[in-house]
Amino acid sequence: MTARPEIPSAHGSATLRPDTVVVSGGRPAPEHDAPVGPSIVLTSTYRGSGGSVPADRAYGRYSNPTWEDLEDVLARLEQAQLPALAYASGLAAIASVLALVPVGGRLVMPRHSYQGSLALVADLESRGMLTVGTVDVADTEEVVAALDSADMLWLESPTNPMLEVADLPALLAAARARGVLTCVDNTFATPLLQRPLEHGADVVVHSVTKYLAGHSDVVLGAAVTSDPALRDRLKGHRTLHGAIPGPFEAWLALRGMRTLALRVERSAATAGELARRLRQHPAVLEVRYPGLPGDPGHERAAAQMDGFGSVVAIVPAGDVAAVEAAVDGVRVWTPATSLGGVESLIERRRRHHEEPRSVPETLLRLSVGIENVEDLWEDLDRVLSGIDR
Ligand SMILES: Cc1ncc(COP(=O)(O)O)c(C=O)c1O
């Protein structure tokens, strides 16, 4: 486990720990009569005077005070020197970062990246914007060998849905030594469990939709960097392509983040307990969870993360029809895509046609929420025990 960072407070010199920053960040200055919570600023434009436009604001597509509350907290959690950039969705943030690859340049990315990222990259490749090499991100030698001709290294760790763990310090150092730009999708870990900028990443992206917002009621994304030139390019892209969040969505995300530390702690503890029990279950052939000793990613995750996250993948016995019937039978879990909300979700990933064929056909991704562990276990145990093996 890495040392927990202390983060300077916005309204004073005291350094605060991340679980305090999620509560205290992005609030109005502590003046008499000031509101305690941030406002939702609904405006499409800003006043100018004397013939000049306001320096940064000018127009609602350039900036918004409610975005900035969220961007400030995210930057401090990721240990960035500059405010984060909020986007309309995680994929919008990813598209903005991928636009940093020069036309015709080469991108290296994990074979089991989030399928939306893979689909976006395939679309860019089909239009001649870039070329892609996919790698087994857990195989450090394979990734480093692919860097020689690369312009950008894309990393996701743990990966969605296979939960492979990349050696972030080694890969980011190898990329830096070769002048290859790096971006880490930190959605699964959240900045509470992993801070890739500390390991040398140039940019971090998030699907804020997931753990950060945490209540399955908002779609939002973010990119974070400490490099002023990169941030200018990303912000320029966001402004010109218009992939901006609504102020209400930004406010909802920050509202959700107030409980991030509690949710991550509780759901990760439950995920660990379920993973241990699932490993003993007669109807489960394979369990993937970096928190399990013996999992291929365990030692790496223990060295570079502050916890193991709340997604577990299992391969049950039985064919696709039997596994789908089990999913349909759940009562406490919800059969749905997405992850990172307070409610536990279960999904057979290969029901998406875009999911790579190397993901087992019957693999179930479990996004563990904050319900009682015994209720979650009884529901899972019941449907898995009903699988005809
Ligand atoms: C790891 C990861 N990155 C990015 C995304 C895309 O985020 P969004 O759905 O907010 O566009 C997702 C969505 O599932 C994801 O799981």
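The following dialogue discusses how to read several features of a predicted model.

Trainee: Let us begin with the overall division of the chain. Which domains does the domain assignment give?

Mentor: The assignment gives domain 1, covering residues 7-257, and domain 2, covering residues 261-385. The C-alpha centres of domain 1 and domain 2 are 26 Å apart.

Trainee: How many residues of domain 1 are in contact with domain 2, and what area is buried between the two domains?

Mentor: The size of an interface is often expressed as the accessible area lost when the parts come together. Here, about 3,000 Å² is buried between domain 1 and domain 2, and carbon and sulfur atoms give 58% of that area. On the side of domain 1, Gln 115, Leu 193 and Tyr 211 lose the most area to domain 2; together they account for 25% of what that side buries. In terms of contacts, 39 residues of domain 1 meet 35 residues of domain 2.

Trainee: How many residue pairs are in polar contact between domain 1 and domain 2, and how many salt bridges does the rule find across the interface?

Mentor: Side chains of opposite charge can pair when their charged atoms come close. The rule finds one salt bridge across the interface of domain 1 and domain 2. Asp 306 and Arg 195 meet through their side chains in a salt bridge, with an N to O distance of 2.9 Å. Between the two domains, 16 residue pairs are in polar contact.

Trainee: Which helices supply at least two residues of the side of domain 1 that touches domain 2?

Mentor: They are α1 (18-24), α4 (115-126), α6 (168-177), α7 (190-193) and α9 (247-257). Helix α7 provides the largest share of that side, three residues. By class, the side of domain 1 that touches domain 2 has 21 nonpolar, twelve polar and six charged residues.

Trainee: How many salt bridges does the rule count, and what salt bridge does Arg 76 form?

Mentor: The count comes to 19 salt bridges. Arg 76 pairs with Asp 72, with their closest N and O atoms 3.4 Å apart. Both residues lie in helix α2 (residues 65-77), four residues apart, or about one turn of the helix.

Trainee: What is the strand order of the open sheet of five strands, and which are its edge strands?

Mentor: Strands of a sheet pair through backbone hydrogen bonds, in either a parallel or an antiparallel sense. In this open sheet the order is β10-β11-β14-β13-β12, and the pairing is mixed. The edge strands are β10 (284-288) and β12 (334-335), each of which pairs on one side only. Strands β13 (residues 345-348) and β14 (residues 364-367) are antiparallel and share four bridges. Glu 347 stands opposite Arg 365 in β14.

Key. Residues numbered from 1 in each chain as written. Predicted model: local features only at pLDDT ≥ 70, side-chain atom pairs only at ≥ 80, totals over all residues. Heavy atoms only, no water. Domains from an automatic or database assignment. Contact = heavy atoms within 4.5 Å. Buried area = accessible area lost by both parts, 1.4 Å probe. Salt bridge = Lys/Arg side-chain N within 4 Å of Asp/Glu carboxyl O. Polar contact = N/O pair within 3.5 Å; in protein donor to acceptor, adjacent residues only side chain to side chain. Nonpolar A, V, L, I, M, F, W, Y, C, P; charged D, E, K, R; others polar. Pairing = 2+ DSSP bridges.
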